[in-house]
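Let's take a walk through a protein model together. Keep the sequence and the 3D view open as you read.

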Amino acid sequence: MDCVFCKIANGEIPSKKAYEDDRVLAFYDLDPQAPVHILMIPKEHIQSVEDITEENSAIVAHIFEVAAKLAKENNLEKGFRVVSNVGKDGGQSVPHLHFHLLGGRSMKWPPG
């Protein structure tokens, strides 16, 4: 498979890791949109939110546990945002499920 996030998860492409376990990798975004911008991905290839099923949904709960841990570690007690883009019109540029942890500044609404 020619998925850039799979290659990062497998160590074929280096990343600045924020967290890693056997199921999830979190790493700092190369083009940060906030003072703290961390990408959290399942190591298993899941294309997007549309591909979450009963069989693989536990990974999403685990990713949110990781998000809470990383928010605490990065002193985001004033607030943060977790975002997952889906499809081209949703802004998904890599076809691998991922969540952005954004913080360190005030988030505006609407986001897009």
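Start by finding His37. Setting aside residues up to four places away in sequence, His37 touches Phe27, Tyr28, Asp29, Asp31, Pro32, His100, Leu101 and Leu102. Keep in mind that you're looking at a predicted model. His37 sits in strand S3, which runs over residues 36–42.

Is His37 buried or exposed? Its relative accessibility is 5%, and the cut-off for buried is under 20%, so His37 counts as buried. The side chain of His37 also has a polar atom 2.9 Å from the backbone nitrogen of Gln33.

## The overall layout

Now zoom out. The protein chain has 2 helices and 5 strands, and along the sequence they come in the order α-β-β-β-α-β-β. The radius of gyration is 13 Å, close to the 13 Å that the globule rule gives for 112 residues, so the chain is as compact as a globular protein of that length. Along the principal axes, the C-alpha atoms fill a box of roughly 40 × 30 × 30 Å.

Of the 112 residues, 38% count as buried. Take the contacts between residues at least 6 apart in sequence: 56% of them join residues at least 24 apart.

## The largest core

Nonpolar side chains tend to be buried together in soluble globular proteins. In this model, the largest nonpolar core has 18 residues, and Ile38, Met40 and Leu70 touch the most other members. Strand S2 (24–28), S3, helix H2 (58–73) and strand S5 (99–103) each supply at least two residues of this core. Which element gives the largest share? That's H2, with 7 residues.

Leaving aside neighbours within four places in sequence, Leu70 is in contact with Ala18, Tyr19, Ala26, Ile38, Met40 and Leu101.

Cys3 is in no disulfide, and the nearest cysteine sulfur, that of Cys6, is 3.7 Å away.

## A closer look at helix H2

Back to H2. This helix has 16 residues and reaches 23 Å from its first C-alpha to its last, close to the 22 Å expected at 1.5 Å a residue. The buried residues of H2 are Ile59, Val60, His62, Ile63, Val66, Ala67, Leu70 and Ala71. An α-helix has 3.6 residues a turn, so residues three or four places apart point the same way.

What do the buried residues of H2 pack against? They pack against strand S1 (17–20), S2, S3, strand S4 (80–83) and S5. Just after H2, look for Asn75, which takes a positive phi of about 55 degrees.

How values were computed. Residues numbered from 1 in each chain as written. Predicted model: local features only at pLDDT ≥ 70, side-chain atom pairs only at ≥ 80, totals over all residues. Heavy atoms only, no water. Helix = DSSP H or I, 4+ residues; strand = E, 2+ residues; numbered from the N terminus. Buried < 20%, exposed > 50% of the residue type's maximum accessible area, 1.4 Å probe, protein only. Polar contact = N/O pair within 3.5 Å; in protein donor to acceptor, adjacent residues only side chain to side chain. Contact = heavy atoms within 4.5 Å. Core = buried A, V, L, I, M, F, W, Y, C linked by side-chain atoms within 4.5 Å. Disulfide = S-S within 2.5 Å. Expected span 1.5 Å × (residues − 1). Rg over C-alpha atoms; globule rule 2.2 N^0.38 Å.
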